[in-house]
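Here is a short report on helix packing and local backbone geometry. Keep the model open while reading.

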Amino acid sequence: IMLLSLFQFISTMVANGVYIYLHAADFQGDYLRLFNSNGFWFLFQLILFLDVFFFTIGYLVEHPALKNEIRSVDPSWLGWAVTLACYPPFNILTAQVLGGNIADFPQFENPAVHIGLNVVMLLLMALYASASVALNLKASNLTHRGIVSRGPYRFVRHPAYAAKNMAWWVGALPAIMVAWEKSAWDVVLAISCVIAWSALYVLRALTEETHLRGVDGDYDAYSEKVRYRFIPGVW
């Protein structure tokens, strides 16, 4: 699944990049149209490629010389359940249960708002990918391969989860705005969808911490240095 996703991201990224290179002049300075047609997707797929690349290598390669040897695997049913619920093919069922009103490329009528919020989304996803880059060859789920405290992990203990969920809140804004025009109940349902996905990732963070704390004292020492899980100074 990881390799197939990696190839898909590469092909889509290259296709959009080549199209921009060959046809940029055709847009005649219409940067909004260029952003909507290919620009956003080129950057979005590039970010996802970096994330999946490091996790794919992390899953494929393990060696003491690389300092990414697996020390422990999460033994809890809850840890496995909340993690698998976020990945294919299980996330299809998760989306049916929790709702799927989160857009990868949210659309807004005002051009400035549209560009601004989608740039924010790209920046948040870039922060998400930077966490994978920081993990490097230690990137993997449900395993303890040593504690990483570089990159965004210097500031919060779960930067990838925080960034991805903030990006999802941006992606859910169009659905919330549409619901706002219908009824208060529709607004509650639209917001509840994103809250449910965020809660799922909070559970992932908590189960990961329980696992890591049960292996050795490294994570406790890291937690003393980096006090906050998701947002510096808040939580």
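## H3 against H7

The crossing of H3 and H7 is left-handed. The model is predicted. H3 covers residues 77–84 and H7 covers residues 184–213. Their axes come within 9 Å and cross at roughly 140°. Angles over 145 degrees would count as roughly antiparallel. H3 and H7 are therefore oblique to each other.

On the H3 side, the contact is made by Leu78, Gly79, Val82 and Thr83. H7 contributes Leu200, Leu203, Arg204 and Thr207. By class, this contact has four nonpolar, three polar and one charged residues.

## H4 against H7

Helix H4 spans residues 90–98. H4 and H7 pack at an angle of about 135°, with their axes 9 Å apart. This pair is therefore oblique as well.

Asn91, Thr94, Ala95 and Leu98 represent H4 in the contact. They meet Cys193, Ala196, Trp197 and Leu200 of H7. The residues of this contact divide into six nonpolar, two polar and no charged.

Most peptide bonds are trans. The bond from Pro88 to Pro89 is cis, with omega near -5°. Pro89 sits in the loop between H3 and H4.

## Positive phi in two loops

Most residues other than glycine have a negative phi. Gln28 has a positive phi of about 50° and is not a glycine. Gln28 lies in the loop between helix H1 (2–23) and helix H2 (31–60). Is Gln28 buried or exposed? Its relative accessibility is 73%, so Gln28 counts as exposed.

Leu142 is found in the loop between helix H5 (111–135) and strand S2. Leu142 has a relative accessible area of 13%, so this residue is buried. The cut-off for buried is under 20%.

Where does His158 lie? His158 is in the loop between strand S2 (143–144) and helix H6 (159–180). At 6% relative accessibility, His158 counts as buried.

Which residues does His158 touch, leaving aside neighbours within four places in sequence? They are Ala205, Glu208, Glu209, Tyr219, Arg229 and Phe230. Among them, Ala205, Glu208 and Glu209 fall within H7, residues 184–213.

Note on methods
Residues are numbered from 1 along each chain as its sequence is written. This is a predicted model: local features need pLDDT of at least 70, side-chain atom pairs count only at pLDDT 80 or more; totals for chains, interfaces and linings use all residues. Side-chain values use heavy atoms; hydrogens and water are left out. Axes are lines fitted to C-alpha atoms, for helices over the stretch in contact, and angles run from 0 to 180 degrees between N-to-C directions. Helices (H or I, at least four residues) and strands (E, at least two) are DSSP runs, numbered from the N terminus. Angles under 35 degrees count as roughly parallel, over 145 as roughly antiparallel, 65 to 115 as roughly perpendicular and the rest as oblique. A crossing is left-handed if the near helix is turned anticlockwise from the far one by less than a right angle, and right-handed if clockwise. Contact means heavy atoms within 4.5 Å. Ala, Val, Leu, Ile, Met, Phe, Trp, Tyr, Cys and Pro count as nonpolar, Asp, Glu, Lys and Arg as charged, and the others, Gly among them, as polar. Buried means under 20% relative accessible area, exposed over 50%, partly exposed in between (1.4 Å probe, protein chains only).
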